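Let's take a walk through a protein model together. Keep the picture beside you and look for each part as we come to it.

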Amino acid sequence: MFYGQQTKTLDDKERIIIPAEFRKALEADEESGSGSGTRKRGTGHGEFFLTITPGQGKCISLFPAGSFTRLFLQFKPYDCFVDSDVQAYARLIAGRSHKSACDKQGRLSLPAHLREDVGIKKDVVIVGDEP
């Protein structure tokens with residue numbers, strides 16, 4: 001669980017620093033076995049998915065790779081073929097997602113298409129939520 005909020009500013013390479021306590025919680029999710037084992041060997045940094053989730057306002061959600069994979073496992077393949085709403089939702093999430101990882105300084109790149117979709121220019125507010 002993440003608590004609190006912090007304001008960060010994009011650097012000249014369109015990256016933000018993810019607060020250390022948030023990174024630790026996200027990485028603990030991967031190490032605890034609830035993730036998918038996507039930790040990059042030798043770097044100590046897990047992989048994450050950035051996505052814009054429908055109905056969540058103008059925000060970008062950050063998921064450990066394992067949690068993101070579990071989100072998609074909730075959709076049964078058969079449902080995606082017979083239920084156009086399920087198929088549309090799965091495509092929307094997948095199409096608005098980007099795989100990334102923090103560098104050694106805890107910086108995470110925010111791709112242009114996600115920044116533009118939510119209106120990020122320079123400042124970013126990072127808000128705690130359930131992992």
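**Starting at the sheet**

Strand 3 (residues 47-51) and strand 5 are joined by five bridges and run antiparallel. Strands here are DSSP runs of E with at least two residues, helices are runs of H or I with at least four, and both are numbered from the N terminus. Two strands count as paired if DSSP finds at least two bridges between them. Strands of a sheet pair through backbone hydrogen bonds, either parallel or antiparallel. Within this pair, Phe48 stands opposite Ser100 in strand 5.

Before going on, a word about what you are looking at. This is a predicted model, with residues numbered from 1 along each chain as its sequence is written. Local features need pLDDT of at least 70, side-chain atom pairs count only at pLDDT 80 or more, totals for chains, interfaces and linings use all residues, and side-chain values use heavy atoms, with hydrogens and water left out.

Now widen the view. The open sheet has three strands in the order 4-3-5, with antiparallel pairing. Its edge strands, strand 4 (61-64) and strand 5 (97-101), each pair on one side only. From one strand to the next, the twist averages 30°. Helix 2 (residues 65-73) packs on the sheet and touches strand 3, strand 4 and strand 5, and its direction makes about 100° with that of strand 4. Such angles run from 0 to 180 degrees between N-to-C directions, with axes fitted to C-alpha atoms, for helices over the stretch in contact.

Next, find Arg23 in helix 1 (residues 20-34). Is Arg23 buried or exposed? Arg23 is buried because its relative accessible area is 18%, and buried means under 20%, exposed over 50%, and partly exposed in between (1.4 Å probe, protein chains only). Leaving aside neighbours within four places in sequence, its contacts (heavy atoms within 4.5 Å) include Ile17 and Cys102. Cys102 is buried too, at 6%, whereas Cys59 is partly exposed, at 27%.

Finally, look for the largest nonpolar core, which has 16 residues. Such a core is a set of buried Ala, Val, Leu, Ile, Met, Phe, Trp, Tyr and Cys residues joined through side-chain atoms within 4.5 Å. Among the members that touch the most others are Leu10, Ile16, Leu110 and Val124. Helix 1, strand 3, helix 5 (112-118) and strand 7 (123-127) each supply at least two residues of this core.
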